[in-house]
Amino acid sequence: MACRAARRAAGERKERMRCDEAAEFVSALYDGETVTREAAAHIGACAACQARLRDYIEMGVELRRIASLEIPDEIPDNVAAQTWATKAVRQGAVQTWWRKGWETMRIPRFAFAAMVAGILVLASGLALTRVRARSEGSVLLLRLAMPGSDQPVQCPLSTVDKRWQSCGESQVKGDRWYSFDVRLLSSNNGRVRLGTRAASLPLNEGNKLSSALEQQTQHVYEFSPEEPLNVDVENFGSIQITGEWMDHMPQLVGVQEVDPGPNEMRVVAPLLIRDKQVVADFQGASAFPDKPGMVVMLNAPGEGKFLFSLTRMPDAVEGKVNLNRITFASNGQHYTLLSGAPITRAQQVWIRHDAWLVSDSKGNAPQGFIMSVYNMNNAPAGLK
Amino acid sequence: MADDLETDLETWQRILKRDPEAFDGFYREHAARLTAFLRQVTGSRQAAEDVAQETFTQMWTRPNGYQPERGALKAYLFGAARRRAADWWRRQRPTEPVEEKTQGQGPGAELPSLMSNALQQLSKDQRMLLWLREVEGQSYAELAEILGVPVGTVRSRLFAAREALREVWHAERPGVLPEKGKSA
């Protein structure tokens, strides 16, 4: 009816434009553009088109209003530079030089901070093994101090990349498995909400740990790196969680030097290769036994259980070490364990290969792959 | 307009000569608005800050990309940021950023509003286009440069984005219905 009225009121010549045809011209008019004479005549006489124009005006005003709330009146003094400066200062060694340079530099501060951060990274021994910056956003590096362990578990959590928002640890204590995981739920101005779960199962049910964990109630905690968090796990003990913010996802967590230490093995995201075919990919999983008697266990469904030790074990074969790979033969087949980093200073390791798989009470093979580190001297009979 | 272009050219020439004060001023003038724009595009405050930093770093380390005859310096900056945000999106999918909660008033705080909610229901491309036009005041020509499309396409996409927002916005407002015209 509004458009029929517009046609009657047009007068001089018959108006044939419909509102749906005129709509895009309304948008152009709002943007300050001129439009065709036909569109202008229609819009001038059409209540519906004028209502559309008023809506655009109101929408535009409201958009600018909420934008005004978003955009600060003035930016903090080189926020980006401050952030990068803080991280550089944490390096410690060049603190004095940094502060002096800050006062006298002649290039933009944040650019300078970026260059210095790069120089610090390259100069420190950590860079070659540890840092390949990825810009997924803030990373919270948690350290989980497990009961009875002097080596905290490091757990990087990304606020942006969902692939890196949870981690966990499983350990044997007595005749039971204990599994603990922590998940990043949300972040807000340096404080985060963490969800934790814990599960415990008899030793022979280790393959059910993952599903048992998923069924547990998640406990939620507010966490800030400045305040250690203690989480009590029934019959296991207290796990202390500390952390720090990083500007990148570390590529090698817990590794300080490229060269392994004495008595240390490093197995980083390994591939198990049999006769030139990859039969197991432990993507993202790593193990760093560093005490005499500690071993690495790989449980590869379809292949069996492998124990890697720097000391000779009963029924073990000798494997040759070449930087980041171990080659050995078992049951007439040739295997290679390919690691993402140099494995050990030793030239040989000992490998025990069992066709036995960790299966459940019904004899079903486990889902997925597992890696664990434990001390052979204290390992329960079923795991030796 | 001519004065603005002249100012842009002068600023850029100083930046090309590695003038820190010129770049600092350029950063201060645009950083906050650029970050707010990227917040709309990425949906993440942290990602917005990261992409903004990357964009400015790129501008400093590789300043030769700007061509004054093609448009304003601000349009070039926002175009570069948009491309970086697109790269960020490609790296993110199918993941989603961690939910960010903001509370209270003050710079950076996000107040719930019908328009905010309605805006979030649009595609990121539509949000980006409306923000560049309504908030940043980019012209059709500048938008065409930023998006790499003809001016006519800018016009039709703006119309489509406005209609999408209008429909959602009206749906969010109880008791208010959009007045629709009829055909002949």
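Over the ring of which residue does the charged end of Arg18(B) sit? The ring is that of Trp60(B), and the charged end of Arg18(B) is 4.3 Å from its centre. The legends below describe close-up views of a predicted model.

**View 1. Charged ends over aromatic rings.**
The charged end of Arg18(B) sits over the ring of Trp60(B). A second case involves both chain letters: the charged end of Arg162(B) sits over the ring of Tyr56(A), 5.7 Å from the ring centre.

**View 2. The aromatic pair of Trp12(B) and Tyr66(B).**
A pair of aromatic rings is described by the distance of the centres and the angle of the planes. Over all chains, 18 aromatic pairs are counted. One of them joins Trp12(B) and Tyr66(B) edge-to-face, with 5.4 Å from centre to centre and 75 degrees between the planes. Trp12(B) is part of helix 1 (residues 2-16) of chain B, whereas Tyr66(B) belongs to the loop between helix 3 (45-61) and helix 4 (73-92) of that chain, so the pair ties together parts that are 54 residues apart in sequence. Trp12(B) counts as buried, at 3% relative accessibility, and Tyr66(B) counts as buried at 6%.

Because Phe37(B) lies in helix 2 (residues 20-42) of chain B and Phe78(B) in helix 4 of chain B, the pair ties together parts that are 41 residues apart in sequence. Both Phe37(B) and Phe78(B) are buried.

Helix 3 (residues 37-45) of chain A has the buried residues Ala39(A), His42(A) and Ile43(A). These residues cover an arc of only 95 degrees around the axis, which puts them on the same side of helix 3 of chain A. An α-helix has 3.6 residues a turn, so residues three or four places apart point the same way. The exposed residues Arg37(A) and Gly44(A) are carried by the face of the helix turned away from its buried side.

Over all chains the structure holds one disulfide. Its partners are Cys155(A) and Cys167(A), with sulfur atoms 1.5 Å apart. The torsion about their S-S bond is about -105 degrees, so the disulfide is left-handed. Cys155(A) lies in strand 2 (residues 153-158) of chain A and Cys167(A) in strand 3 (residues 166-173) of chain A, so the pair ties together parts that are twelve residues apart in sequence. Cys155(A) is buried, its relative accessible area being 0%. By contrast, the sulfur of Cys46(A) has its closest cysteine sulfur in Cys19(A), at 3.3 Å, which is too far for a bond. Cys46(A) is buried at a relative accessible area of 0%, and Cys19(A) counts as buried at 4% relative accessibility.

**View 3. A salt bridge between the chains.**
Side chains of opposite charge can pair when their charged atoms come close. The structure holds 26 salt bridges over all chains. In one of them, the side chains of Glu134(B) and Arg64(A) meet at 2.9 Å, N to O. Glu134(B) lies in helix 6 (residues 124-135) of chain B and Arg64(A) in helix 4 (residues 47-70) of chain A, so the pair joins two chains. Glu134(B) counts as buried at 7% relative accessibility, whereas Arg64(A) counts as partly exposed at 33%.

Glu244(A) and Arg143(A) meet through their side chains in a salt bridge of 3.0 Å, N to O. This pair links distant parts of the chain, 101 residues apart: Glu244(A) is in strand 8 (residues 237-246) and Arg143(A) in strand 1 (residues 139-145) of chain A. Glu244(A) is partly exposed, with a relative accessible area of 28%, and Arg143(A) counts as partly exposed at 24% relative accessibility. Another salt bridge joins Glu264(A) and Arg266(A), whose closest N and O atoms are 2.9 Å apart. Glu264(A) is buried, with a relative accessible area of 14%, and Arg266(A) counts as buried at 5% relative accessibility.

Technical notes:
Residues are numbered from 1 along each chain as its sequence is written. Chains are lettered from A and ligands numbered from 1 in the order in which they are written. This is a predicted model: local features need pLDDT of at least 70, side-chain atom pairs count only at pLDDT 80 or more; totals for chains, interfaces and linings use all residues. Side-chain values use heavy atoms; hydrogens and water are left out. Rings of Phe, Tyr and Trp (its six-membered ring) pair if their centres lie within 6.5 Å; planes under 30 degrees apart count as stacked, over 60 as edge-to-face and the rest as tilted. Helices (H or I, at least four residues) and strands (E, at least two) are DSSP runs, numbered from the N terminus. Buried means under 20% relative accessible area, exposed over 50%, partly exposed in between (1.4 Å probe, protein chains only). A charge sits over a ring if NZ of Lys or CZ of Arg is within 6 Å of the ring centre and within 35 degrees of the ring normal. The arc is that of the directions from the helix axis to the C-beta atoms. A disulfide is a pair of cysteine sulfur atoms within 2.5 Å. A salt bridge is a side-chain nitrogen of Lys or Arg within 4 Å of a carboxyl oxygen of Asp or Glu.
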